[in-house]
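This briefing concerns the structure displayed below. Please keep the sequence and the coordinates in view while reading.

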Amino acid sequence: MEYSKSFQSRVNNQIGKQLEEMILAGCEYYRDRGIAEINRIPEHFRVTKTNRDGSFSGRFTGLAQPDFSGTVKGGGSIVFEAKATLDDRIQARVISKGQKSKLNYHQLMGANVGVCVRVKNTYAFIPWKVWCDMKSLYGRLYMTESEVKEFEVKTPGFIDFLNHRKRNADEI
């Protein structure tokens with residue numbers, strides 16, 4: 001079944017929003033229990049025109065930043081991107097050069113860095129080291145849903161993305 005690009009774009013946008021909402025619910029869960037303070041980083045955006053109907057035009061004014069950043073109890077920091085697809089694989093190229101540069105720097109500074117993903121129906125937190133080594137680990141610049149399952153996290157009404165630290169501590 002072939003879908004129009006605009007329909008597919010709306011679907012992709014919606015699953016991305018759902019992923020972010022589930023991550024934000026996880027952030028609230030961690031905050032309420034004193035586990036971590038993690039926030040969504042807003043895009044650098046400037047409104048250039050406001051219309052009478054409430055719509056507006058605008059433009060991005062800065063380089064892309066990682067989607068989420070915060071502090072975990074005890075002083076550690078976490079920085080990550082959020083990416084979603086209904087395909088059976090997640091492509092490395094979904095992370096822009098600017099985002100990669102920022103994530104690399106946070107990794108260098110000692111942060112817990114990764115990519116929180118939804119691939120089809122699998123939710124996972126892929127450590128940044130694994131994401132960056134995708135080519136050598138898997139022989140290609142994408143991971144299949146079955147490969148992503150190795151980093152799967154629980155989703156009890158939110159994405160328990162901090163749960164990955166227990167299982168994959170040696171890889172981060």
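Which residue of strand 7 does Lys83 stand opposite? Lys83 stands opposite Val117. The model is a predicted one, in which local features require pLDDT of at least 70 and side-chain atom pairs count only at pLDDT 80 or more, whereas totals for chains, interfaces and linings use all residues. Residues are numbered from 1 along each chain as its sequence is written, and side-chain values use heavy atoms, with hydrogens and water left out.

**Overall composition**

- The protein contains six helices and nine strands; helices (H or I, at least four residues) and strands (E, at least two) are DSSP runs, numbered from the N terminus.
- Of the 172 residues in the protein, 35% are buried; buried means under 20% relative accessible area, exposed over 50%, and partly exposed in between, with a 1.4 Å probe and protein chains only.
- Among contacts with a separation of 6 or more, 60% come from residues 24 or more positions apart, where contact means heavy atoms within 4.5 Å.

- Five strands form an open sheet in the order 1-4-5-7-8, and the pairing is mixed; two strands pair if DSSP finds at least two bridges between them.
- Strand 1 and strand 8 (122–127) are the edge strands, each pairing on one side only.
- Neighbouring strands of this sheet are turned against each other by 20 degrees on average, direction ignored; axes are lines fitted to C-alpha atoms, for helices over the stretch in contact, and angles run from 0 to 180 degrees between N-to-C directions.
- Strands of a sheet pair through backbone hydrogen bonds, either parallel or antiparallel.

**Strand 5 and its partners**

- Strand 5 (residues 76–85) is mostly covered, with seven of its ten residues buried.
- With strand 4 (residues 68–72), strand 5 pairs in the antiparallel sense over five bridges.
- Within this pairing, Val72 has Gly76 as its bridge partner in strand 5, and Gly70 stands opposite Ile78.
- Three residues lie between the strands in the hairpin of strand 4 and strand 5, where Gly74 takes a positive phi near 100 degrees.
- With strand 7 (residues 112–119), strand 5 pairs in the parallel sense over eight bridges.

- Helix 2 (residues 97–108) has twelve residues and should span 16 Å at 1.5 Å a residue; its end C-alpha atoms are 16 Å apart, which agrees. The expected span is 1.5 Å times one less than the number of residues.
- Helix 2 packs on the sheet and touches strand 5 and strand 7, its direction making about 150 degrees with that of strand 5.
- Gln99 is found in helix 2 and counts as buried because its relative accessible area is 8%.
- Leaving aside neighbours within four places in sequence, Gln99 is in contact with Ala64, Gln65, Glu81, Lys83 and Val94.
- The side chains of Gln99 and Glu81 are joined by a polar contact of 3.4 Å. A polar contact is a pair of N or O atoms within 3.5 Å; within protein, one must be able to donate a hydrogen and the other to accept it, and residues adjacent in sequence count only if both atoms are side-chain atoms.
- Gly110 follows helix 2 and has a positive phi, near 100 degrees.

**Arg40 in strand 1**

- Arg40 lies in strand 1 (residues 36–40) and counts as partly exposed because its relative accessibility is 27%.
- Not counting residues up to four places away in sequence, Arg40 touches Glu20, Leu24, Asp67 and Phe68.
- The side chains of Arg40 and Glu20 are joined by a polar contact of 2.8 Å.
- Arg40 and Phe68 are 28 residues apart in sequence, and their C-alpha atoms are 4.5 Å apart in space.

**Lys120 in the loop**

- Lys120 lies in the loop between strand 7 and strand 8 and is partly exposed, with a relative accessible area of 36%.
- Although Lys120 is not a glycine, its phi is positive, at about 55 degrees.
- Most residues other than glycine have a negative phi.

**Cysteines**

- A search of the whole structure finds zero disulfides, a disulfide being a pair of cysteine sulfur atoms within 2.5 Å.
- Cys27 is in no disulfide, and the nearest cysteine sulfur, that of Cys116, is 9.2 Å away.
- Cys27 counts as buried because its relative accessibility is 1%, whereas Cys132 is partly exposed at 31%.
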